[in-house]
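Please keep the sequence and the structure in view while reading.

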Amino acid sequence: MKKRMVALLTAAAMLVVLGGCSSSSQSEKDGAGKPEEKKEEAGGAEDTGELQTVKVVMPRDIECLDDMAMWIGDSQGYFEEQGLKLEMISGSNPSDIQMVSTGQADLACPSPNVTMAQIEAGVPVKIVSGYDAINIYGFSAVNGKGIDTWEDLKGKTIALGDASWESIAAPTLIAAGLDPEKDVEYVVNGDSRYQMVSEGQVDVLFTWISEYEQLKGMGYDFNYLDGSEILEVFGASWVAGTDFFDEKGETLQKFLYALQKSIYFMYLNPEAAADITCNQFPEIEVEWDGALGCANGRVGQALGVEGSLEEYFVDEVGVGYMSDEAWNTVIDNAVKAGVIKEKLKVEDCYSDELLPELLSDEDKADAKADAEAYQCTSKVYESAH
């Protein structure tokens with residue numbers, strides 16, 4: 001079916017799992033714990049008294065609920081423990097990748113398919129860590145519209161946030177036995193895409209776990225076709241320019257370590273994660289169920305939706321780990337979907353050289369104390385309680 005593109009807008013998704021807020025006051029910070037051996041780099045900042053700014057560009061407006069782990073690390077002082085100051089920047093695909101390649105930003109977090117297309121084109125970037133441990137992508141339609149199976153997507157219009165999302169949606173559609181070039185029609189609706197589907201102007205919403213959970217909490221009557229059930233890959237990943245990777249590896253490792261601690265906090269208390277982000281952006285209109293749904297989805301994306309996967313990434317291999325087997329599946333599907341022309345080598349795309357090891361026991365205990373002591377204060381939380 002011929003693709004129809006309308007009004008290209010930047011999509012602001014809302015991301016990611018459950019927990020509780022304590023009535024006690026938030027714990028005080030007493031400095032970073034240092035992991036063993038190579039955590040000499042990633043476990044504690046040198047006492048210079050000056051923070052190094054790390055610029056992170058996201059492929060959308062940052063004024064959304066997507067980036068809970070970032071705001072946890074900022075509010076709880078986890079980046080500061082590493083001697084870092086976080087600067088978040090709004091962007092779009094693939095300009096975010098080009099920004100890190102030229103040093104205008106330090107890190108970006110796009111889909112690996114978007115990144116691989118840029119790598120094949122010669123853009124000097126490297127994926128340095130995973131962010132979503134599973135295939136987070138799926139498709140939603142209004143309940144009762146007769147779009148309940150993968151086969152039902154054939155002949156339907158699909159709402160995207162921007163045109164680059166075609167390359168993200170295509171591998172899952174192909175795994176479902178559909179031809180993205182003939183069987184569906186993409187419509188670019190930007191931030192209005194889920195309203196367009198709800199109102200019947202577009203048939204299907206291309207979405208992901210956390211956004212779907214958030215939309216349910218906002219009262220949208222959508223079903224969900226889960227891409228992870230038919231295609232076992234991973235979602236968004238952290239991308240750095242090769243110069244930043246080569247010259248500032250210690251900074252990169254410290255960022256990833258602080259992020260890992262933030263994700264552990266979110267894993268322990270998603271309710272606190274939702275509250276922190278609602279306080280960060282009090283102008284966002286969302287019900288508490290929607291904010292908590294985002295947090296639930298975000299934990300599931302980062303650590304897997306099964307308990308055993310959570311334990312695997314938290315206690316065994318570490319947050320951000322990406323296996324060669326999963327990478328080869330991603331690359332093969334990208335070739336099949338026409339995202340890249342030829343099969344890339346894993347090492348052309350990804351290096352885990354600077355991926356931090358597991359959190360130290362000290363930092364786990366610190367994050368646990370913070371998560372248990374956190375007191376919810378946002379207007380969104382208070383209105384629901």
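This is a predicted model: local features need pLDDT of at least 70, side-chain atom pairs count only at pLDDT 80 or more; totals for chains, interfaces and linings use all residues.

Contact here means that heavy atoms lie within 4.5 Å. In that sense, the buried residues of helix α2 pack against α3 (78–81), β2 (84–90), β10 (237–241), α10 (249–268), α11 (270–280) and α12 (288–303). The helix, which spans residues 68–75, is mostly covered, with six of its eight residues buried; these are Met68, Ala69, Met70, Trp71, Ile72 and Gly73. Just after α2, glycine 77 takes a positive phi of about 80°.

The largest nonpolar core has 65 residues, and Met116, Phe139, Leu153, Ile158, Phe206, Phe222 and Trp327 are those with the most contacts inside it. Helix α14, residues 324–336, gives the most to this core, contributing five residues. If residues up to four places away in sequence are not counted, methionine 116 touches Trp327, Val330, Ile331, Ala334, Ile340, Leu344 and Cys349. Apart from this core lies another, of 62 residues, which includes Tyr264, Ala272, Ala274 and Leu303.

The model also holds an open sheet of five strands, in the order β7-β6-β8-β5-β9, whose pairing is mixed. Some of its strands are set out below.

| Strand | Residues | Pairing |
|---|---|---|
| β7 | 184–188 | edge strand, pairs on one side only |
| β9 | 225–226 | edge strand, pairs on one side only |
| β6 | 156–160 | parallel with β8, two bridges |
| β8 | 204–208 | parallel with β6, two bridges |

Within the pairing of β6 and β8, isoleucine 158 has valine 204 of β8 as its bridge partner. Helix α8, residues 209–217, packs on the sheet and touches β5 (137–140) and β8, while its direction makes about 115° with that of β8.

Conventions
Residues are numbered from 1 along each chain as its sequence is written. Side-chain values use heavy atoms; hydrogens and water are left out. Buried means under 20% relative accessible area, exposed over 50%, partly exposed in between (1.4 Å probe, protein chains only). Helices (H or I, at least four residues) and strands (E, at least two) are DSSP runs, numbered from the N terminus. A nonpolar core is a set of buried Ala, Val, Leu, Ile, Met, Phe, Trp, Tyr and Cys residues joined through side-chain atoms within 4.5 Å. Two strands pair if DSSP finds at least two bridges between them. Axes are lines fitted to C-alpha atoms, for helices over the stretch in contact, and angles run from 0 to 180 degrees between N-to-C directions.
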